[in-house]
Amino acid sequence: MVRLAPASAVPCALVALSVLRAPAWACLLCFTSYSERLRICQTFVGIEGPELQKCEEAFTAAFASLLDTEINYDERSHLHDSFTQMIHSLQEVATAQGSFEVAFPDAAEQMRKVILQLKEAQACIPPCGLQEVARRFRCRGCYSHVCDLPLDCPVQDVTVNRGDQAMFSCTVNFQLPKEEITYSWKFAGGGVRTQDLAYFREMPRAHGYLARIRPVQPTHRGTFSCVISHDQRPLARLYFFLNVTSRPPRGETELQVLFREVLRWAPRETIEPWKPSLGELLAKPGALTLSNQCLLGAAAALASAGVTLLVWMFFRWYFSGN
């Protein structure tokens, strides 16, 4: 014997079915409420009657062309304000006894022009990363989405001779937020090339987007991982597989080997933060900003004043002695 569904569930199912079939899951339903649309139609044709349903259907049908509209996620508030102004304009037309059959298509055309003037979202840049600057808002369903790209970036191969320096740059080719960006480094040793997070251990001494190992030893062979996060939310995971050549570094002599053994020298096995010299900082693009140039000028002025003061004191001492 088949059990019948409760009577209250049937109307809900019919309402849901009618909503899914309606061609009006467009921007109109995302940025206006049902009470606002109903109030406009009631002003046009009256509180009840067959004309009221006809007005509601004409309202949603006029905006059906905006069904598949996608906008920049940051432009939502601008579009919402435009729809609010449209509602007020339609209310004024309805109060003036205008025709909804003319007013609704005109309003939809005006909103289409507004959408065309909105700032477009940036395109997704492969191959990886959570790219918030490319987030879009879809009127079909009233939800946002980002690029369908993996969080893990492809493994980059780095080959370094034993004893040399290995440097890793944790950078991506898409725009990152300007604030609250952090970098964390991990290492999977044993010569394994992997993206499985279970193999990695934390490298607490490493921070910043640049890190290096010096001198590189065979024990460093493996995969290094850098995680870029914004407000503790991962944006991208980069991987670097370090392959260390077996031959000794050039210029290493027996005296150097003996000296290391005497001092019980042991190579570091941890990745260290990058500490650039003044020349490396100046060679970096964008280093000579206006503020940095002012600081360099002030430092040069202080140094010149110090030298002048020392020369003056020397001559004063010399002539006072004579």
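**Entry: terms and ground rules.** I call a residue buried under 20% relative accessible area, exposed over 50%, and partly exposed in between, using a 1.4 Å probe and protein chains only. I am working on a predicted model, where local features need pLDDT of at least 70, side-chain atom pairs count only at pLDDT 80 or more, and totals for chains, interfaces and linings use all residues. Residues are numbered from 1 along each chain as its sequence is written, and side-chain values use heavy atoms, with hydrogens and water left out.

**Entry: the loop between β9 and β10.** I looked up Asp 231 and found it in the loop between β9 and β10. Asp 231 is exposed, because its relative accessible area is 53%. Its phi is positive, about 55°, although Asp 231 is not a glycine. Gln 232 sits in the loop between β9 and β10 too, and its phi is also positive, near 65°. At 77% relative accessibility, Gln 232 counts as exposed. I noted these two because most residues other than glycine have a negative phi, and most peptide bonds are trans.

**Entry: cis peptide bonds.** Pro 127 is in the loop between α6 and β2 (136-138). The bond from Arg 214 to Pro 215 is cis as well, with omega near -15°. Pro 215 belongs to the loop between β8 (210-213) and β9 (222-230).

**Entry: overall make-up.** I listed nine helices and 11 strands for the protein. Helices (H or I, at least four residues) and strands (E, at least two) are DSSP runs, numbered from the N terminus. Of the 322 residues, 29% are buried. I took contact to mean heavy atoms within 4.5 Å. Among contacts between residues at least 6 apart in sequence, 72% join residues at least 24 apart.

**Entry: Arg 237.** Is Arg 237 buried or exposed? Arg 237 is buried, because its relative accessible area is 17%. I placed Arg 237 in strand β10 (residues 233-244). Its side chain makes a polar contact with the side chain of Asp 152, at 2.6 Å. A polar contact is a pair of N or O atoms within 3.5 Å; within protein, one must be able to donate a hydrogen and the other to accept it, and residues adjacent in sequence count only if both atoms are side-chain atoms. Leaving aside neighbours within four places in sequence, Arg 237 touches Leu 151, Asp 152, Cys 153, Leu 197, Cys 226 and Val 227.

**Entry: Phe 224.** Phe 224 lies in strand β9 and counts as buried at 2% relative accessibility.

**Entry: α5 against α6.** Helix α5 (residues 76-95) and helix α6 (residues 100-116) pack at about 160°, with axes 11 Å apart. Axes are lines fitted to C-alpha atoms, for helices over the stretch in contact, and angles run from 0 to 180 degrees between N-to-C directions. The two helices are therefore roughly antiparallel, a label for angles over 145 degrees. Among the residues that meet, I noted Phe 83 and Met 86 in α5, and Phe 104 and Met 111 in α6.

Methods: Angles under 35 degrees count as roughly parallel, over 145 as roughly antiparallel, 65 to 115 as roughly perpendicular and the rest as oblique.
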